[in-house]
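Dear colleague,

Please find the structure below, handed over for your work.

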Amino acid sequence: MRLSQMLFVTLRDDPADAEIPSHKLLLRAGYIRRIGSGIYAYLPLMWRVLQKVSQIVREEMNATGAQECLLPQLQPAELWKESGRWDTYTKAEGIMFSLIDRREQQLGLGPTHEEVITTVARDMIRSYRQLPLHLYQIQTKFRDEIRPRFGLMRGREFIMKDGYSFHTDEESLKATYQDMYTAYSNMLRRSGLAFRAVEADSGAIGGSGSTEFMVLAEAGEDEVLYTEDGKYAANVEKAVSLAADAENSRFTSYEKQATPGTDTIEKLCKLLNCSPTQVVKNVLYQTVYDNGLTVLVLVSIRGDQEVNEVKLQNELTKIAPQFGAITIISLTVPNEEAQQTWAAKSLPLGYIATDIADDYIVGSKTVHSQFVRLVDKTAVELKNFVTGANESGFHSVGANWGEQFNVPSTSVDIRKARPGDRAIHNPEQTLQSARGIEAGHIFQLGTKYSEAMGATYTNEQGEEKPLFMGCYGVGVSRLAQSAVEQSYDKDGIIWPVAIAPYHAIVTIPNIKDAQQLEVAQKLYTELNQAGVETLLDDRDERAGVKFKDADLIGIPFRIVTGRAIANGKVEVVKRATREAQEIAIDEVVNTLKQWVKAATER
């Protein structure tokens, strides 16, 4: 392609609404154009990148025996109501675009396709002889993000590869899951990205186990905790660890002490001259389930630890059936206004103990009349601890489980792991932190959707059994922008060769110089014929402008038909390293072919 004939407009300054480097660079370099909030046009250069990413994804998926298909973006609400996710996606998380058609039927624009693919399986899979089966698609998805930002990272419309597998049992599912682990690792490696596979929370998708594939970048929205020995890595939402040892309590007997003005752990410890590791703090949460029931939750945790609200939500989802519910609509720390809707009397906030009485709650049809009490494992281990006294301005010291407070029947891990914690698999290893961009996520769904939607198969004994399912997604457009976020400099993008829109750009410093023009056109033609995808910058612009644009758009190799052609050579510059060398004109094609092959070999 000749730049003089291409839709190619670059910007000198960073756009005002772009926050992170990759977003700024893709806009400045003319790869994307903002159409509306979270909505972007993919311009010709970007579309080539997306096609290359898609091809790598397609090749790796096909190599596993998966079959490509295309599923509808418009999805009937009835399917989502069958799975129990309609309210979660339209009310709780609120990320699904929903609409009503002229027949007064509810529809959703697909943010994901578990319900649709399960319907296909329900209608078409009959026997174990048809299994395992793995289908995938590459398609536009829609999500009504509360705050679209960072360009293609968190948009309302994006390109995704999502795949779904069906199995007779968990063993078969795990085999495909492992295949996908390998395939996803290959996709990111072939795309030229540094990444880390980490344990992850399954979120609204559900299932028993999941792995995220994180592209490492400082602007990543996710925090990854890992150990240097390479044996553990997890999203901070999922991460587990051993907390630092608690200090021995200086209190040897139980008593109630006046502690005015100590509604925070820091103030309390300063007044009592104690460590936060000796404190049991009690945090109040309010959750609303999908049947409209409000439940008050009291979380007891060691004073130096934080509640991991993702883990907490998972624990509360587990007990949802006790309240006639399926899932959670919201989880919040109730403010004063929220408390007034259910509190019988003023709560001693900052001074609550684990045994605060249930009569603080005015029960009703919409409010559960008792606290759900959860105790983190770090709090259970404490002796002679400090905690609230259920009276403003007072704390209990020297308290013990089984004496002043009932021994928790069960304890759970709801603390947030953090850098510096000891690793569970090897306490000599400490957790390190990195930022990452989630580019892929694979799930073992089990029978969650097949049981809810009646998708079964007949086994060898003639029995009807629910299908085991897996789900595997990779963000094609997000992966493309992640590559930019991971690799750029002050002058622009540095594309990995495998997914760059073009491998090379031939730059003519002076288009009025007949010899420069002739050599450039010759190389442009021969390189493309040899499979080296090449741009020709034949614009009537100053050489400096052309060099800056080549750096900005990030083409891996720049060939300059400048003064060196008098000696039968051209200058070739590698974008990633800025290494420049003069190469004989007759050797350019073979040299570039070898460089491209070396950079894109599987």
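**Helix contacts**

In helix α2, residues I56, V57, E59, E60 and M61 meet M180, A183, Y184, N186, M187 and R190 of α6, where contact means heavy atoms within 4.5 Å. Sorted by class, this contact of α2 with α6 has 7 nonpolar, 1 polar and 3 charged residues; Ala, Val, Leu, Ile, Met, Phe, Trp, Tyr, Cys and Pro count as nonpolar, Asp, Glu, Lys and Arg as charged, and the others, Gly among them, as polar.

This is a predicted model, in which local features need pLDDT of at least 70 and side-chain atom pairs count only at pLDDT 80 or more, while totals for chains, interfaces and linings use all residues. Residues are numbered from 1 along each chain as its sequence is written, and side-chain values use heavy atoms, with hydrogens and water left out.

Two packed helices are described by the angle between their axes and the distance between the axes. For α2 (residues 44-63) and α6 (residues 170-190), the axes come within 9 Å and cross at roughly 150°. Axes are lines fitted to C-alpha atoms, for helices over the stretch in contact, and angles run from 0 to 180 degrees between N-to-C directions.

The axes of α1 (residues 21-28) and α12 (residues 476-486) come within 8 Å and cross at roughly 105°, so α1 and α12 are roughly perpendicular to each other. P21, S22, H23, L25 and L26 of α1 make this contact with Q481, V484 and E485 of α12. Its classes are 4 nonpolar, 3 polar and 1 charged residues.

**Overall picture**

The protein has 15 helices and 30 strands, taken as DSSP runs numbered from the N terminus (helices H or I, at least four residues; strands E, at least two). Its C-alpha trace spans about 95 × 65 × 50 Å along the principal axes. Of the 602 residues, 52% are buried (under 20% relative accessible area, with exposed over 50% and partly exposed in between; 1.4 Å probe, protein chains only).

**Cysteines**

The count comes to 0 disulfides, a disulfide being a pair of cysteine sulfur atoms within 2.5 Å. For C274, the nearest cysteine sulfur is that of C269, 3.9 Å away. C274 is buried, with a relative accessible area of 11%. C471 is likewise in no disulfide, and the nearest cysteine sulfur, that of C69, is 13 Å away.

With kind regards

Methods:
Parallel < 35°, antiparallel > 145°, perpendicular 65-115°, else oblique.
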